[in-house]
Amino acid sequence: MATGTRRERERAQREALIVKAARELAEAEGWDAVTTRRLAAEIEYSQPVLYSHFKGKGAIMTAVAAQGFKELVNELRTARGAVRDGSGALAAVATAYTNFARERPALYDAMFTHAVEVQFATADGPAYLREGFGELLQAVEPLAGDDDPGVLTETFWASLHGLAMLERSGRLPMSLHDERLKLLLGRFAAAHG
């Protein structure tokens, strides 16, 4: 039994190393630079070893995205839990979300812009997706009034995502980020508070 446990632990360590290397390479050079050949060279394993853990780049990117969703859940939960009033929670979550997207662009891309093997908006989706949406929902729900809290949360999330992507691409200047976020929060709270 100890041999099996050691092998499982070593396998998990290799998978973690592959995911870490992919994430670091993507953050440094973008996802186009992440290939199984390049990863194998970076971590000094053969390509067959990589393929024994992941079917290919898409599966590695999915593992990176899963890691990112878990980190985002923790950041949203911490932000929301640090304040007590509804509008404060909404602002804290919005700030945490947009900061996350800005500070980890390749990770954010793996999570939201690249095709990964994660099913969104289904009851069968991974727990970390439901938890992440739940953190947003808990910040939005007190302001929902007669609106469907789920749909309102989706709309708020889409607004945050749009801001993050448009600012990062340079289509909207970053210098006005705080003003845009303040305007979004003020209009959102006023319309639904």
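Is Val 118 buried or exposed? I looked this up before anything else. Val 118 has 11% relative accessibility, so I logged the residue as buried. I am working from a predicted model.

**Entry 1: around Val 118**

I placed Val 118 in the loop between H6 and H7. Next I listed its contacts, leaving aside neighbours within four places in sequence. They are Thr 62, Pro 126, Tyr 128 and Leu 129. I also checked one C-alpha pair. Val 118 and Ala 66 are 52 residues apart along the chain, and their C-alpha atoms are separated by 8.3 Å.

**Entry 2: the whole chain**

I stepped back to the overall fold. I found nine helices and zero strands. Read along the sequence, the pattern is α-α-α-α-α-α-α-α-α. The C-alpha atoms fill a box of roughly 60 × 40 × 25 Å along the principal axes. The protein has 193 residues, and 40% of them count as buried.

**Entry 3: salt bridges**

How many salt bridges does the structure hold? I noted 13.

I wrote Glu 135 down as buried because its relative accessibility is 3%, and the cut-off is under 20%.

The pair Asp 109 and Arg 168 has its closest N and O atoms 2.5 Å apart. This pair also links distant parts of the chain. Asp 109 sits in helix H6 (residues 105-112), Arg 168 in helix H8 (residues 149-168), and the two are 59 residues apart. Asp 109 is buried, with a relative accessible area of 14%. Arg 168 is partly exposed at 34%.

I then traced bridges that share partners. They join Arg 23, Glu 71, Glu 75 and Arg 104 into one network.

The pair Glu 29 and Arg 38 has a closest N to O distance of 2.7 Å. Glu 29 is partly exposed at 46% relative accessibility. Arg 38 is partly exposed as well, at 28%.

**Entry 4: Arg 104**

I returned to one member of the network. Where is Arg 104 placed? I found Arg 104 in the loop between H5 and H6. Its relative accessible area is 18%, so Arg 104 counts as buried. Leaving aside neighbours within four places in sequence, I listed Arg 23, Glu 27, Glu 71 and Glu 75 as its contacts.

**Entry 5: H5 against H7**

I looked at one helix pair. Helix H5 (residues 86-103) and H7 pack at an angle of about 145°. Their axes are 8 Å apart. From H5, the contact uses Gly 86, Ala 89, Leu 90 and Val 93. From H7, the contact uses Leu 136, Ala 139 and Val 140. I sorted these residues by class and got six nonpolar, one polar and no charged.

**Entry 6: the largest pocket**

The largest pocket has a volume of about 320 Å³. I counted 20 lining residues. Those nearest the centre are Phe 120, Leu 129, Arg 130, Phe 133 and Trp 157. Leu 129 was already in my notes as a contact of Val 118.

Which elements give two or more residues to the lining? They are H4, H7 and H8. The largest share, six residues, comes from H7. By class, I recorded 14 nonpolar, four polar and two charged residues in the lining.

**Entry 7: a backbone check**

I finished with phi angles. Glu 44 has a positive phi of about 60°, although it is not a glycine. Glu 44 lies in the loop between helix H2 (36-43) and helix H3 (47-53). Is Glu 44 buried or exposed? I found 73% relative accessibility, so I logged Glu 44 as exposed.

Key:
Residues numbered from 1 in each chain as written. Predicted model: local features only at pLDDT ≥ 70, side-chain atom pairs only at ≥ 80, totals over all residues. Heavy atoms only, no water. Salt bridge = Lys/Arg side-chain N within 4 Å of Asp/Glu carboxyl O. Buried < 20%, exposed > 50% of the residue type's maximum accessible area, 1.4 Å probe, protein only. Helix = DSSP H or I, 4+ residues; strand = E, 2+ residues; numbered from the N terminus. Axes fitted to C-alpha atoms, helices over the stretch in contact; angles between N-to-C directions. Contact = heavy atoms within 4.5 Å. Nonpolar A, V, L, I, M, F, W, Y, C, P; charged D, E, K, R; others polar. 1 Å grid on protein atoms, 1.4 Å probe; cavity = no way out; pocket = protein on both sides within 12 Å on 5 of 7 lines; lining within 4 Å. Points joined across faces, edges and corners; volume = space filled by probe spheres on them.
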